[in-house]
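Hi,

Here is the structure I promised to pass on.

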Amino acid sequence: MLVGFIRKYYRYILLSIPVISLLMHLHIFGMDLLGIHVWRQTETQTTINNFFREDMNILNPRYNEHPETDRLHRMEFPLMQWLFACVYKALGYHVIISRILTFIIGLFSVWGIYKFLLSISSRKEVAAIGAWCFNFSPVFYYYTVNPLPDNMALSCGIWSLYWYSRWMGGRQWRSLLYGSILLCIATMCKLPFIIYGAFPGTWLINEVLRRRMKAAHLFSAGVVMLLCLLPAISWYAWVIPTWVIGAVYGVTNQTLNHPDLKKVMVGTFISVLPELLLNYASVLFFLTGFYTIKARRLTASSLFLPLAVLGMVVIAYFLFEMNIIDLVHDYYLFPFLPVLFLLVAYGAEYLLTTHKYSRYLAMLCLIVLPLTAFLRADTRWDTNLPGFNTAYLRYKDELRTLTPPDARCVVGYDESHYILLYYIDRKGWAFDKTWFDAKLLEHFIAEGATYIFLDENVDKLPGISEHLGEKVFDKDDLRVYKLR
């Protein structure tokens, strides 16, 4: 009965998702960037700002640090940042634009999940339930208004899975082409999404081994996929040699010892997975999803093996990168979401069609999903705990008028080297607690630094005070000096 109701009114469920999500996020759109991973948010927004203000060459993303250099900072291909900057060119500079555009990308992700699940299950009720649950994954709920390239990578990755599943069902080369182009875009926006190639790759090999496809067709499909991925391969072949981050080396970098890795695995399983990726109200659906595989005889589907291999490859990605992901970088786990919510959708549908009490329990869980997502994620936008010195948020407008627009500034402490330069909206240098002394400050002055923004007791460090001139700001443990 409940499943029949969902099947009949699935359009209204789908339409309710953006409306509810918009209302729940309405108080966030006007906020500047803050909260968990504001480091990565300000890094993304800085790139957008510099495209908009300086150079729209998509190959030249820039950050605000080291104005004595060209400031180029090539990591992921900055397609999302560049597109956002194009909108800024048309509408002017407003951070709310980045939040709105990110929210729209999130809606495409929800729609993509619905289409992907519909293609896999051929049942609108399963797809609608999966889209509903996916939208209220706390990690998705939080980042869907925070500008990160991971959002665009996830959206394109989900749609690539949809078009690949369409191709597997009808073998239309157009679907293969669409899927491969979207996989390329997802990979360019965020490298880990290349693992989604395991989905069509496994299906191709399995079809050939079972003699349902000729080797020539395998070769042709492989050529299409490879050609479509060439832009992503070319970009990363160019930029990875310039990287100094540990993500390329994963656990082989040995930045965490074995007890730490065990802690990450246990913490991810008992906390990050149920609390952030799924939502506590979806945990029962997820667990039931494993039983559903046998109960619904899903192993007989030609898509079961490709999906199972995709799941194993995503797990392998986590195991390789878990020293970088740790228990902190939850957005690194975006590649898990389509696989997780495939199980969630099947599990929820199963509970809604079995025992009377399981139907009531499942319906209750579906109803409370928005509330549990809100309770878990909304506290991340706490203006009293923004993830940096609150004075920069509280006096943002005043700080941006203290110095001339072309002034080179020194800021600290700032481990990210992005947040504070973003908030004062100037080029310059940031320093953290591990490395700052009078000699480094003298170097910055020699390179043209004229102001310094200091918190804590940095101005009391040996040799610093002799370089400080007039104090132009002193509020809430933040002091700004002209430099001699």
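**Cysteines and a pocket**

Cysteine 228 is buried, at 13% relative accessibility. Please keep in mind that this is a predicted model.

How far is the sulfur of cysteine 228 from the closest cysteine sulfur? The distance is 7.2 Å, to cysteine 184.

Cysteine 86 is in no disulfide either. Its nearest cysteine sulfur belongs to cysteine 189, 14 Å away. Cysteine 86 has 30% relative accessibility, so it counts as partly exposed. For the model, the disulfide count comes to zero.

Now the second largest pocket. Its volume is about 890 Å³. The lining has 32 residues. Closest to the centre are Phe290, Gly311, Ile315, Val339 and Leu343.

Which helices each supply at least two residues of this lining?

- H5, residues 95-121
- H12, residues 258-278
- H13, residues 283-295
- H14, residues 304-325
- H15, residues 337-351

H14 gives the largest share of the lining, with nine residues.

What is the make-up of the lining by class? There are 25 nonpolar residues. Five are polar and two are charged.

Best wishes

Methods
Residues are numbered from 1 along each chain as its sequence is written. This is a predicted model: local features need pLDDT of at least 70, side-chain atom pairs count only at pLDDT 80 or more; totals for chains, interfaces and linings use all residues. Side-chain values use heavy atoms; hydrogens and water are left out. A disulfide is a pair of cysteine sulfur atoms within 2.5 Å. Buried means under 20% relative accessible area, exposed over 50%, partly exposed in between (1.4 Å probe, protein chains only). On a 1 Å grid over the protein atoms alone, a cavity is a set of points where a 1.4 Å probe fits but cannot get out, and a pocket is an open set with protein on both sides within 12 Å along at least five of seven lines; lining residues have an atom within 4 Å of a point. Grid points are joined across faces, edges and corners, and a volume is the space filled by probe spheres set on the points. Helices (H or I, at least four residues) and strands (E, at least two) are DSSP runs, numbered from the N terminus. Ala, Val, Leu, Ile, Met, Phe, Trp, Tyr, Cys and Pro count as nonpolar, Asp, Glu, Lys and Arg as charged, and the others, Gly among them, as polar.
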